[in-house]
Amino acid sequence: TFTADQMGFTLDTFWAQYAGLNVPDLIRRMKGRVPCVHLKDMAVQVNKSVTAPVGHGNMDFDAILAACADAGATYLLVEQDDCYDVDPFECMRRSYDFLAANGFR
């Protein structure tokens, strides 16, 4: 058996927000147990939540990135499930440019 302190967790920001959770608060509550965070942004298209390049949707990534730092996350992994007919490398560039502008490389 493992205790909560021995268990790590990889959080997916999109699905946490989709479930109605406050993502920065959730990350902070898991301080020390969230080494990896899947950074996914959320946008709305025709009343449907869809993934978007990081920093180009409706999620508060300033608060999410601060929470990741506070919680000791080591790896921030950019993920976008679907690019919706946009070149995936363009989506990746947009996510990278947003994160680089915020001090992450």
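Predicted model: local features only at pLDDT ≥ 70, side-chain atom pairs only at ≥ 80, totals over all residues.

Trainee: OK, what's the strand order in the open sheet?

Mentor: The order is β1-β2-β5, 3 strands with parallel pairing. At the edges sit β1 (10-12) and β5 (75-78), each pairing on one side only. From one strand to the next the twist averages 20°. Helices (H or I, at least four residues) and strands (E, at least two) are DSSP runs, numbered from the N terminus, and two strands pair if DSSP finds at least two bridges between them.

Trainee: How many bridges join β2 to β5?

Mentor: There are 4, and the two strands run parallel. Contact means heavy atoms within 4.5 Å; axes are lines fitted to C-alpha atoms, for helices over the stretch in contact, and angles run from 0 to 180 degrees between N-to-C directions.

Trainee: And which way do β3 and β4 run?

Mentor: Antiparallel, with 5 bridges joining β3 to β4 (residues 48-52). Ala43 has Val50 as its bridge partner in β4. The hairpin has 2 residues between the strands, and Val46 takes a positive phi near 50° there.

Trainee: Switching to side chains: where is Asp41?

Mentor: Asp41 is in strand β3, which covers residues 41-45. Asp41 is buried but has no salt bridge, and the nearest side chain of opposite charge, Arg94, is 8.7 Å away. Buried means under 20% relative accessible area, exposed over 50%, partly exposed in between (1.4 Å probe, protein chains only). A salt bridge is a side-chain nitrogen of Lys or Arg within 4 Å of a carboxyl oxygen of Asp or Glu; for charge, Lys and Arg count as positive and Asp and Glu as negative, while His and the chain ends are not counted.

Trainee: What about Lys40, buried or exposed?

Mentor: Lys40 is buried, because its relative accessible area is 2%. Lys40 sits in the loop between β2 (36-39) and β3, and its side chain makes a polar contact of 2.8 Å with that of Asp12. A polar contact is a pair of N or O atoms within 3.5 Å; within protein, one must be able to donate a hydrogen and the other to accept it, and residues adjacent in sequence count only if both atoms are side-chain atoms.

Trainee: Last stop, helix α4. Why does Ser95 count as buried?

Mentor: Ser95 counts as buried because its relative accessibility is 2%. Ser95 lies in α4 (residues 88-101) and touches Pro53, Val54 and Val78, not counting residues up to four places away in sequence.

Trainee: And Asp97?

Mentor: Asp97 is also placed in helix α4, but counts as partly exposed because its relative accessibility is 35%. A polar contact of 2.4 Å joins its side chain to that of Arg93.

Conventions: Residues numbered from 1 in each chain as written. Heavy atoms only, no water.
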